[in-house]
Amino acid sequence: MLKNPATKYRPAPAVDLRDRQWPSRTLTAPPIWCSVDLRDGNQALAVPMNVAQKLDLFQTLLGCGFKEIEVGFPSASNTEFAFNRRLIEEHRIPDDVTVQVLVQAREDLIERTIESLVGAKRVIIHLYNSTSPAQRRVVFGKSREEIKAIAVQGARWIRDRLHRLQGTDVRLQYSPESFSATELDFALEISEAVMAVWQPTPERKMILNLPCTVEVATPNVYADQIEWMCRNIRDRDSLIISLHTHNDRCTGVAATELGLLAGADRVEGTLFGNGERTGNQIGRAHV
């Protein structure tokens with residue numbers, strides 16, 4: 001065992017952004033808010049909510065005024081799938097509210113997810129796969145090109161099934177899941193590869209979600225990452241840049257606010273601080 005365990009930690013890599021603009025900006029307008037209490041918050045509970053409890057919380061979130069609500073991970077369990085179907089079949093979703101669902105880049109899960117959305121009026125399909133060096137090496141044993149191929153194939157599987165949601169207003173969202181620990185050039189490369197499949201436009205924007213999946217650096221580093229992506233990604237005017245921070249260092253709100261200064265448009269989080277790995281919060285973020 002190390003006599004001084006602190007010696008095993010390395011400084012967070014700095015972002016080469018010497019002319020960063022976010023420190024001199026002021027927030028003058030609210031972002032797009034998306035509640036993920038019913039998914040990320042629910043996953044954090046020792047005993048996850050049943051369908052009836054999720055219906056109650058959905059009504060509460062509507063009462064708070066949310067217009068985008070991540071309702072769950074419908075391919076993960078029968079409970080999650082049944083909740084989606086209850087919302088749609090019982091006409092519980094107001095016309096001006098968009099529900100969001102999360103899915104991994106796996107064909108069987110994408111198929112189940114599409115099934116869960118038939119008949120909905122407005123939806124966001126949120127595709128993700130993990131991209132960090134540690135995940136590539138330890139979990140997947142795959143190269144950057146192979147990980148990019150997973151994202152591209154997932155995007156194609158979704159695109160090729162959209163005809164089954166005829167009459168539904170569908171928006172597409174992609175997350176390089178472990179963005180905050182991923183090399184920026186690779187985060188850019190894989191995001192643009194997904195964009196090439198989905199072909200977003202300024203009139204029909206795609207959501208690019210850039211999560212601080214595990215908070216391993218100070219909030220200013222995350223802000224630098226967001227500003228770098230906003231500056232360098234192609235067709236920025238065809239994107240809604242979204243944030244999803246976690247609170248491992250208890251600076252999730254600060255990272256969100258600095259990410260907005262850095263150019264992001266949207267925030268995903270939970271009202272009560274529930275979420276994977278010590279939570280994510282939007283209830284205390286303000287402009």
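**Exposed loop residues and a parallel barrel**

At a relative accessibility of 69%, His91 counts as exposed, where exposed means over 50% relative accessible area, buried means under 20% and partly exposed lies in between (1.4 Å probe, protein chains only). The structure is a predicted model, in which local features need pLDDT of at least 70 and side-chain atom pairs count only at pLDDT 80 or more, while totals for chains, interfaces and linings use all residues. Residues are numbered from 1 along each chain as its sequence is written, and side-chain values use heavy atoms, with hydrogens and water left out.

His91 is found in the loop between helix H3 (78–89) and strand E3, helices (H or I, at least four residues) and strands (E, at least two) being DSSP runs numbered from the N terminus. Although His91 is not a glycine, its phi is positive, at about 55°. A positive phi of about 55° is also found at Gln199, which is not a glycine either. Gln199 is placed in the loop between H7 and E6, and with a relative accessible area of 54% this residue is exposed.

Helix H7 (residues 184–198), which Gln199 directly follows, has 15 residues and reaches 21 Å from its first C-alpha to its last, close to the 21 Å expected at 1.5 Å a residue; the expected span is 1.5 Å times one less than the number of residues. H7 is mostly covered, as 12 of its 15 residues are buried, among them Leu184, Phe186, Leu188, Ile190, Met195 and Trp198. The buried residues of H7 also include Ser191 and Glu192.

The strands form a barrel, in which 8 of them close in the order E1-E2-E3-E4-E5-E6-E7-E8 with parallel pairing, two strands being paired if DSSP finds at least two bridges between them. Neighbouring strands of this sheet are turned against each other by 25° on average, direction ignored; axes are lines fitted to C-alpha atoms, for helices over the stretch in contact, and angles run from 0 to 180 degrees between N-to-C directions. Strand E5 (residues 169–176) runs parallel to strand E6 (residues 206–212) and is joined to E6 by 2 bridges, with Ile207 in E6 as the bridge partner of Gln173.

Helix H6 (residues 144–159) lies across strand E3 (98–104), strand E4 (122–129) and E5, and runs at about 160° to E4.

How values were computed: Contact = heavy atoms within 4.5 Å.
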